[in-house]
Amino acid sequence: MKSAFLKSTVAAGILAWASLSGAAAVKAEELTLCWAAWDPANALVELSKDFEAKSGHKMKFEFVPWPNFADRMLNELNSGGKLCDLMIGDSQWIGGAAENGQYVKLNDFFDKEGIKMENFIPATVVGYAEWPKNSPDYWALPAFGDVVGWTYRKDWFARPELQDEFKKKYGRDLAVPKTFAELKDIAEFFQGRNIDGKTVYGAAIYTERGSEGITMGAMDVLYSFGFEYQNPDKPYDMEGFVNSPQAIAGLEYYKTLYDCCTPPGSSDTYMSENIDAYKSGQVALQMNFAFIWPGINADPNVGGDKSGYFPNPAGPDGKQFAQLGGQGISVVAASAKQDAALEYIKWFAQPEIQQKWWSLGGYSALRSVVEDPGFATSQPYAQTFLDSMAIVKDFWAEPSYASLLQATQKRFHDYVVAGQGTAKEALDGLVKDWTEVFEDEGKI
């Protein structure tokens with residue numbers, strides 16, 4: 001049953017659009033929205049039919065597969081291209097796009113339209129909209145909340161014979177892990193096991209080298225072990241933080257998990273490969289962004305009661321964080337249709353549209369949606385989404401993020417997958433790499 005709040009916001013939205021369709025409305029345009037090619041993009045196409053009907057504008061979409069998304073769209077922004085009027089860009093792009101004048105600053109527009117950032121999940125405002133971070137300067141509207149979490153074979157966990165064997169071996173129930181140590185035990189328990197006549201494996205984790213995969217996966221673990229990007233009291237002072245003993249232990253853990261408990265052929269895996277491993281019944285646990293959960297829940301082989309969801313576990317000292325994903329929606333500064341593009345953002349920000357976005361499989365960042373009393377039980381994964389978004393951290397959003405990311409990808413993959421050197425050497429090298437980047441920028 002819809003809450004009274006949602007009913008009232010629907011009425012308010014109708015009134016808002018009644019005024020928008022009057023004489024002051026922007027002339028009909030054809031807008032192109034650029035994003036990654038994935039299930040949420042398909043949901044946005046469906047959602048946007050409402051905008052077309054109410055505004056008179058026509059929507060075109062340019063969706064690029066994730067492995068090519070950053071290269072394709074950053075090239076578009078850097079070249080001043082005219083393809084995109086609206087961009088749902090990755091969270092790490094915000095610093096470069098703001099400082100290089102590639103996104104339209106939205107403060108005046110938000111003030112004029114009464115769009116308040118305090119109405120969105122705080123982590124998504126910091127992660128997707130602000131530059132500099134923790135400043136009141138906004139370059140995007142939070143569009144798609146996302147975070148790394150875990151999927152597990154709930155039906156396998158529930159088997160009495162497996163429950164008995166696990167309890168005899170580990171002295172506790174086979175259940176959702178609360179710590180990374182417990183997660184590794186579970187992954188080892190399932191590794192190479194025969195279930196229903198098929199050999200299965202422990203965990204699908206991120207190891208991809210070419211774009212951002214292994215960074216997203218390893219950082220997802222390192223945060224909870226105590227990794228810090230820099231000295232909280234001295235920006236860009238990284239020695240002893242990036243390569244702290246706790247961070248080293250976290251990277252060692254990630255390699256151990258890769259070595260002990262992943263399926264064969266896991267040396268270059270990211271989102272789609274992990275989805276395939278899980279849906280095909282190869283693994284008991286899957287690391288992946290929350291965007292996959294609607295598809296898992298609906299899958300004929302592993303969906304419904306066969307799967308469960310849990311947030312990133314805690315590290316050895318009780319710290320618990322998760323890698324932020326997701327994106328904000330921005331108006332591209334090179335667009336000649338900025339007024340119409342802003343009209344789309346105004347439409348998208350409405351509470352009733354955000355509620356429909358969630359119902360279609362999009363992850364709304366609007367607090368009135370996720371804090372509604374019925375949200376946590378609206379989907380089997382809704383509570384896990386809330387719990388995960390409460391513990392997020394993100395990678396550098398600096399203008400030089402691509403260089404920072406490239407160095408991280410190499411250092412992590414060389415150690416975790418290729419087995420080169422030690423975790424300490426990898427993180428010491430990363431401090432060196434990142435220091436050189438910031439020295440070149442004049443920040444150190």
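Author: Let's start with a term: a polar contact is a pair of N or O atoms within 3.5 Å; within protein, one must be able to donate a hydrogen and the other to accept it, and residues adjacent in sequence count only if both atoms are side-chain atoms. This is a predicted model, where local features need pLDDT of at least 70, side-chain atom pairs count only at pLDDT 80 or more, and totals for chains, interfaces and linings use all residues. Residues are numbered from 1 along each chain as its sequence is written, and side-chain values use heavy atoms, with hydrogens and water left out.

Reader: Which domains does the protein chain have?

Author: Domain bounds come from an automatic or database domain assignment. Here it gives domain 1 (30-146 + 325-393) and domain 2 (148-323 + 397-441). Their C-alpha centres lie 27 Å apart. Counting contact as heavy atoms within 4.5 Å, domain 1 puts in 30 residues and domain 2 puts in 24.

Reader: What area is buried between domain 1 and domain 2?

Author: The size of an interface is often given as the accessible area lost when the parts come together. With a 1.4 Å probe and summing over both parts, the figure is about 2400 Å², with 65% from carbon and sulfur atoms. On the domain 1 side, Gln92, Ile391 and Lys393 lose the most area, together 31% of what that side buries.

Reader: How many salt bridges and polar contacts cross the interface?

Author: A salt bridge needs a side-chain nitrogen of Lys or Arg within 4 Å of a carboxyl oxygen of Asp or Glu. The rule finds 1 across this interface, plus 8 residue pairs in polar contact, both residues at pLDDT 80 or more. Elsewhere in the list of pairs, Glu228 and Lys393 meet through their side chains in a salt bridge (3.7 Å, N to O).

How values were computed
Buried area is the accessible area (1.4 Å probe) that two parts lose on being put together, summed over both.
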